[in-house]
Amino acid sequence: MKRFMEYLRRAGVIVRRYKFVAGILGMVLFFLVFPGLMQELVIGLMAKKSPPAVDAPHRVGETRIRLEKELKQAERKLALRTPRSYYLVINSSSNRFILYRGGMEVWSGKCSTGSYTLLKNGEEQQWMFKTPKGEFRVQGKTVNPVWKKPDWAFVEEGLPVPPAGHPTRFEAGVLGEYALNLGDGYLIHGTLFQRYLGLPVTHGCVRMGDWDLEMVYNALGHGSRVYIY
Amino acid sequence: MDRESIYTDLKVPVVRVFRWIALATLAAMILLFTVGYGFAPHRLVKEYELLSKKDSLFLAGFDPAMEHPALISLVKAVSFKKSLLELSSRDSIHLVVDLRDSTVCLFIHGVFISRIKAAGMVPDPVLNTLGMKEYMKIFSRPLAVVRQQASVIKEPVVVRHAPRDTMEAFLNAYLPDTLVQRPAFMELKLEHGIRIVFEQDRDAHFRDRRVRSMFRLTSSAGNTLRYFSQFFTLHKMKYSPKITIRMDADNIRAIYRALPSAPCVAIAH
C-alpha cells in the first residue's frame, strides 16, 4: 500500500510538471474510449424504451387474423414459384451440381464449369471462357452429340481456322453420350477428362461425369429449369 | 529594462495562454464529437421514423394494432414474405438473409438456389430498437446494394495468348490446378446505411489472419473517416447498422461471385 501511494505521488509530480502533455494524452485516451461507451449507453437506453401503446387493443385479434391470412397468401404465391418437377442448380464456384425435385434434393455431384480464361488472338479477336449465371431452360436434348467446333477451338491449338461446314469442324465422341442445350451455345455434356471434374476447366459449358449426366438427362425435359450461380 | 527583456518577459505568459486555449479548444471539439458520435444511433432511428411518416400511402395502410408485442413476430414474417415476393419479380440472382435461423440464401425468380447455414450471425442492436412502423417501412421491401467490396476476386480472369502453331500450343499446355483461393471477407453496403459483413469462420493460415486484420482495419478506418468528415463539415454523424455473418470461406466466395453488380437483399430480422 505504501509503495502504491508512493507511485501515485510520483505520478502526480510528473503530471504537474508536464501538465500540457498530460492534458493531451488524457484527451486522446478519452477520445479513444468515451465515444464508443457513449454510443453503447445510448443504444442501451434506446433498447429499454417501452414500445408505443396500442390505441385499440381490442383490434389485436382482428389484426392477427388478417396478418395470418396475408402470410398464408404470400407463402402460397412463393410456393408456386418453385418448380414442382426436376430442376438443376449448378454452383460454378465450387463446381458442384444439385438436382432437385419440387424443392427436395435428389442427386448431387461434381461438374466442371468455365475456366475464366481470356483467349486473345492478336488485337482483333478474343474469347472469354466463362459459364453464364442465372436462370436457363433446357432448349434441346441430344444423344451422342457431335461437337461443332467453333473458331477458338482451332485458335487455341495453334491450328488454322477452317471455313464453316468443313469436315474438321465436326468431332464426335468428345461430348459424352448426352447433351442438354441451354441456348447461346452453352451445353451440359459429358467429357473424356473425368479426372478434371470439380475443376474450372471448360470453355463455358458444364461438363459432368457419365453417370451423373445420364441421371440429369433422364430427369430434365424440354423447358426444365437450370440455375447457375 | 531593455526592449528585448520586456519582450522575453511577456512572451512566456502569452505562449502559456495560447497553449491552454488550444487545449481547451481541442477538449471542446472532442466533447462535441463524443456527443455527436454517441447520439448517432438515436438520430438514425429518428430518420427512419421520419421516413415512415413521410409516406402517406404506407401510413394509411399501417394498422397501429401491429405495434402490439403479441403481433411482432407475425408482422415481421409478413414483411419478409412481401420482400421475397417483390424480389421474385426481379431478374438475376439476389440475396436473402434470415437472421431468425441464421441462413443466407441465393434467390432468383422465387426459387432458393442455395441455402447456407451461417456459423454465426450478429445483428446490430439498433435494429432491435425499431418500432414496427419503421421495421415494415424498411424491411418489407428488398434493399438495394449500393456498394460491394471483398477480399475475393469476382472474376478470376487468366489471360492467354493464342499460340502461333501446334508446337507452341504443345509447349504452352498447362494442367489445371486446384485454385489457390484468397481468404474470404465481404462487405455489402445497403440502402439506409445498413451494412452486411461476411467473415470466414476459420483462419487456417497466417495469411488469413493478416487479410482479416486488413479488412477490418479498412472497414473501420473508412467508417471513422466518414465520421470525421461529417464532423468537420458540420454534417450530422450518420450511424451505420452492421450485420456480421460468419460462414465458410467457400460459401462466401460463391455468394460474392454469384451476385450481379446491383443485387438486392431481403432481410428477415
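**Entry 1: a salt bridge in chain A**

I started with Arg169(A) and Asp151(A), whose side chains meet in a salt bridge at 2.7 Å, N to O. The term means a side-chain nitrogen of Lys or Arg within 4 Å of a carboxyl oxygen of Asp or Glu. Arg169(A) lies in the loop between helix 4 (151-155) and strand 9 (170-172) of chain A, and Asp151(A) lies in helix 4, so the pair ties together parts that are 18 residues apart in sequence. Helices (H or I, at least four residues) and strands (E, at least two) are DSSP runs, numbered from the N terminus.

I then looked up accessibility. Arg169(A) is buried at 8% relative accessibility. Asp151(A) is partly exposed at 29%. Buried means under 20% relative accessible area, exposed over 50%, and partly exposed in between (1.4 Å probe, protein chains only).

I noted the ground rules here. This is a predicted model, in which local features need pLDDT of at least 70 and side-chain atom pairs count only at pLDDT 80 or more, while totals for chains, interfaces and linings use all residues. Residues are numbered from 1 along each chain as its sequence is written, chains are lettered from A and ligands numbered from 1 in the order in which they are written, and side-chain values use heavy atoms, with hydrogens and water left out.

I counted salt bridges over all chains and got 22. One of them pairs Arg212(B) with Glu199(B), with the closest N and O atoms 3.2 Å apart. This pair links distant parts of the chain: Arg212(B) sits in helix 7 and Glu199(B) in strand 8 (residues 195-200) of chain B, 13 residues apart. Both residues are buried.

I also found a network. Salt bridges with shared partners join Arg66(A), Glu70(A), Asp63(B) and Lys82(B). Within it, the side chains of Arg66(A) and Glu70(A) meet at 3.3 Å, N to O. Both lie in helix 3 (residues 60-81) of chain A, four residues apart, about one turn of the helix. Arg66(A) is partly exposed at 35%, and Glu70(A) is partly exposed at 24%.

**Entry 2: where chain B meets chain A**

Glu70(A) also forms a salt bridge with Lys82(B), with the closest N and O atoms 3.4 Å apart. Across the interface of chain B and chain A the rule finds three salt bridges. The largest share of the side of chain B that touches chain A, 12 residues, comes from helix 1 (residues 3-38) of chain B. By class, that side has 48 nonpolar, 12 polar and 13 charged residues. Ala, Val, Leu, Ile, Met, Phe, Trp, Tyr, Cys and Pro count as nonpolar, Asp, Glu, Lys and Arg as charged, and the others, Gly among them, as polar.

The contact takes 73 residues from chain B and 63 from chain A. Contact means heavy atoms within 4.5 Å. The two chains bury about 5,900 Å² between them, 73% of it on carbon and sulfur atoms. Buried area is the accessible area (1.4 Å probe) that two parts lose on being put together, summed over both.

Helix 7 (residues 206-232) of chain B has 27 residues. From first C-alpha to last it reaches 38 Å, close to the 39 Å expected at 1.5 Å a residue. The expected span is 1.5 Å times one less than the number of residues. Its buried residues include Val211(B), Arg212(B), Phe215(B) and Tyr227(B).

Just after the helix, Leu234(B) takes a positive phi of about 60 degrees, although it is not a glycine. Leu234(B) lies in the loop between helix 7 and strand 9 of chain B. It is exposed at 77%.

**Entry 3: two buried strand residues**

I looked up Ile243(B) in strand 9 (residues 242-247) of chain B. It is buried at 1% relative accessibility. The C-alpha atoms of Ile243(B) and Ile194(B), 49 residues apart along the chain, are separated by 7.9 Å. Leaving aside neighbours within four places in sequence, Ile243(B) has contacts that include Leu99(B), Val122(B), Ile196(B) and Ile267(B).

His94(B) lies in strand 1 (residues 94-98) of chain B. It is buried at 3%. Beyond its neighbours within four places in sequence, its contacts include Leu87(B), Cys105(B), Phe107(B) and Cys264(B).
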